Amino acid sequence: MTFNLFGRPSSRRTFLMGAGAVSATALAGFPMPAIAQAQDINIISDENNADALAILRKIGDDFGKQAGVKVVINNMDHEAHKTAIRNYLVAGAPDICFWFSGNRMRAFVKRGLFDDISDLFEKEKYKDVLGASAGSVTVDGKQYGLPTGGTLWGMFYRKDVFAQLGATAPANWDDFLAYGAKCKSANLTPIAIGTKELWPAAGWFDQMNLRINGLDKHMALMNGEMSYLDPSLKPVFDQWETLIKQGYFTPDNTSFGWQEAGALLAQKKAGMMNLGAFVRFAFPKEELDQLAFAPFPTIDPKVGRFEEFSLNSVHIPANAKNKQGAREFLSYFYRPENIGPYLEPGGNVPPRNDLPPSKDPLVNAAVDLLKTVQGTSQYYDRDSDPDMAQAGLVGFQEFMAKPERRDAILQRLEGTRKRIYKL
């Protein structure tokens, strides 16, 4: 499965064949069908979880009955939607669409394609229940969407494997190196990773850079404001190269996708894996109780606690025909009794701080960790420029396969940065 530079691989977002699903072929002839009646509320979602989609449809039906309107939910293939949204926001926009927060959202805000919903934020007092996550949908002090479910990246492991090793989740870099040595003495790969789709290698870079350089420098790099030849990046690649040369990662990892790497973790052939909670889908259901989460270990104790927390979001297009109806629906959808059940099936970390605990212990562990962090980045934030993002993804994968090419890789990335940002 190839990596789509605008997001995660299609294998994570399988196509939902069912009533209301919209195929890529059906969307080829833009614009989208016009809204049938002014009072209708048309929604385009890209939900891959069938249970979550059923809950979203029920929320739509319940709202429609109460408001006396028809709510139409068209659910698209997740990967096809990443292309389709660039067309339908311009011509044939729905009243509501699901997307991503952070830099991906900002790209559409800059083009004037998402509506300012600061009035809804103020009316519903969302800043009080969203805390720091409100920043993910804020541009120049205005809000352009509502954050929905999130994915907290970190280290996942099997409890029974760690019990057999006599190991505990490594809290710092010395602990991590000792853990790796213990794994290797037991003929166990310390870290499962599959970089065939490119993005897992970039995720590993993000975690190390946040731990060594902190949030501000990481975001400066992602936004093209910092050189790939900056001396502060040397320890990131030095530490990473040491792990590669000591055999900490899955051998020949460019041949594996994340699912295959996740299977190695599930099959007790690797000790840990750096990913989001969707790694659960590589596990048999009857073994999910063995899956545990820990934050990426501290490298430099002087650097604050910053985590990679990717948030999806929901928006009102600027060209929507029923903006008032859309606001009323979002107010209803975002109630704790509605958004809570919607997020539960997919194991999403909720953005609201007033929801009851999840039935999923991995979600609760992520919620507890987020209460302690000083800031978050998003994997999506590397998409401030798609060409630069793709260059980085290719470069990080190449580094994991051939660390001796570090200088050439970084020189190439810096050349790409200067070209793209006209430096």
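Colleague: How many aromatic pairs does the count come to?

Modeller: Keeping in mind that this is a predicted model, the count comes to 32 aromatic pairs. A pair of aromatic rings is described by the distance of the centres and the angle of the planes, and two examples show how those values are read. The rings of F63 and F329 have centres 5.4 Å apart and planes at 90°, and because an angle over 60 degrees counts as edge-to-face, that is the name this pair receives. Since F63 belongs to helix 1 (residues 50–67) and F329 to helix 11 (residues 323–333), the pair ties together parts that are 266 residues apart in sequence. Both F63 and F329 are buried.

The second example is the pair of F237 and W240, whose ring centres are 6.0 Å apart and whose planes stand at 25°, so this pair is stacked. F237 and W240 both sit in helix 9 (residues 234–245), where 3 residues, or about one turn of the helix, separate them. F237 is buried, as is W240.

Ring pairs can also join into a cluster, and one such cluster links Y157, F162, W173, F176, Y179, W204, Y248, F249 and F296. Some of these names come up again in the largest nonpolar core, which has 76 residues and in which F176, W204, F205, Y228, W240 and F249 have the most contacts. Helix 8 supplies the largest share of this core, 10 residues. A second, separate core has 49 residues, among them Y88, F98, M105 and A326.

On the side of helix 8 the contact is made by W199, A201, A202 and F205, while helix 14 brings L393, F396, Q397 and M400. Sorted by kind, the residues of this contact comprise 7 nonpolar and 1 polar, with no charged residue.

Terms used
Residues numbered from 1 in each chain as written. Predicted model: local features only at pLDDT ≥ 70, side-chain atom pairs only at ≥ 80, totals over all residues. Heavy atoms only, no water. Contact = heavy atoms within 4.5 Å. Helix = DSSP H or I, 4+ residues; strand = E, 2+ residues; numbered from the N terminus. Nonpolar A, V, L, I, M, F, W, Y, C, P; charged D, E, K, R; others polar. Core = buried A, V, L, I, M, F, W, Y, C linked by side-chain atoms within 4.5 Å. Buried < 20%, exposed > 50% of the residue type's maximum accessible area, 1.4 Å probe, protein only. Phe/Tyr/Trp six-rings, centres within 6.5 Å; stacked < 30°, edge-to-face > 60°.
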